[in-house]
Amino acid sequence: MGLDGLLMYVFRLGIAGAAAATVCGQIIGSVVPLIYFATNTTGSLKLTKAKFDWKCIWKACGNGSSEMLTNLSTSIVSVVYNLQLMKLAKENGIAAYGVIMYVSFIFMAIFFGYAIGVTPIVGYNYGAGNKKQLHSLLKKSLVITSVTAVAMTVLSEVLALPIAKIFVGYDDTLCHMTQTGMMLFSISFLFCGFNVFGSGFFTGLGNGLVSATISFLRTLVIQLAAVLLLPMAFGINGIWCAVAVAEAVTLIITVTFLVKNRKKYGY
């Protein structure tokens, strides 16, 4: 994001600058860890000669399918959002959606970051048979997610107008649309953290099917249905509410999976 502003607005490189910023971001995320592991000779984690274990690789791919579905679904849903917004609000709708997505990525990164960080810990304790620790981890994670969800929702509601003015303050109509859209979209923060954590939790338990099901429902199936059906009754506000509705419905399914599998995994 920092390079986007630097290359596009300071050096005036346009779309090429945005592309270069994306490439640089990927390089930092891959090369820096590679250097660390290549030079780390004393730690327990280091690069060694590899051998193929196809059974293990296949299981890992299956267990990580939820993350794959999330990325694929995001692209598909974005296209549908843009098509719906063009029908109802033309270019202003697309501009407002872009601002809301930028803000959403920042807020959602907190949930995804926690889920990615906690998943290995879940897997470790499940593999070690530490059922009490697994239960404690689940309980603490739900409390952390609850507090974060409420705080993020309140913060995004309060900052909706200032953020809209920063990005699209040059147009009153667009600014109002962006503010309204952000306030409605932000309701989704109350639910999405639990779904993201639930998917990561089951990934840690080695249950890729449940994890993928949660991700598939929240990011594609239910969200697509919501963004196609809600505008028929509520117009453009239906589009802004689509994510919140999808996350709320998915939360019911996530809770059902957690309760149903409680005895099986001992959490």
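With a relative accessible area of 6%, Arg218 counts as buried, a label given to residues under 20%, whereas exposed means over 50% and partly exposed lies in between (1.4 Å probe, protein chains only). The model is a predicted one, in which local features need pLDDT of at least 70 and side-chain atom pairs count only at pLDDT 80 or more, while totals for chains, interfaces and linings use all residues. Residues are numbered from 1 along each chain as its sequence is written, and side-chain values use heavy atoms, with hydrogens and water left out.

Arg218 has a partner: it forms a salt bridge with Glu247, and the closest N and O atoms are 2.7 Å apart. A salt bridge here is a side-chain nitrogen of Lys or Arg within 4 Å of a carboxyl oxygen of Asp or Glu, and the count by this rule comes to one. Glu247 belongs to helix H10 and Arg218 to helix H9, so the pair ties together parts 29 residues apart in sequence. Glu247 is also buried, at 3% relative accessible area. Helices are DSSP runs (H or I, at least four residues), numbered from the N terminus.

The axes of H9 (residues 208-234) and H10 (residues 236-260) come within 7 Å and cross at roughly 145°; axes are lines fitted to C-alpha atoms over the stretch in contact, and angles run from 0 to 180 degrees between N-to-C directions. The crossing is right-handed. Residues of this contact divide into 19 nonpolar, six polar and two charged.

Turning to the surface, Val150, Val154, Leu155, Val158, Leu159, Ile187 and Leu190 form a nonpolar patch with about 540 Å² of accessible area together. Such a patch joins nonpolar side chains within 5 Å, from residues with over 30% relative accessible area and no salt bridge; areas come from the Shrake-Rupley method with a 1.4 Å probe. Helix H5 (residues 131-158) gives the most to the patch, with four residues. Leu159 sits in the loop between H5 and helix H6 (160-168) and is partly exposed, at 32% relative accessible area.

Finally, the backbone deserves a look. Most residues other than glycine have a negative phi. Arg12, however, has a positive phi of about 55° although it is not a glycine. Arg12 is found in the loop between helix H1 (2-10) and helix H2 (14-39), and is exposed at 66% relative accessible area. Lys90 likewise has a positive phi, near 55°, but its place is in helix H4 (residues 65-128). Lys90 is partly exposed, with a relative accessible area of 47%.

Technical notes: Helix = DSSP H or I, 4+ residues; strand = E, 2+ residues; numbered from the N terminus. Left-handed = near helix turned anticlockwise from the far one by under 90°. Nonpolar A, V, L, I, M, F, W, Y, C, P; charged D, E, K, R; others polar. Patch = residues over 30% accessible without salt bridge, like charges linked within 9 Å, V, L, I, M, F, W, Y side chains within 5 Å.
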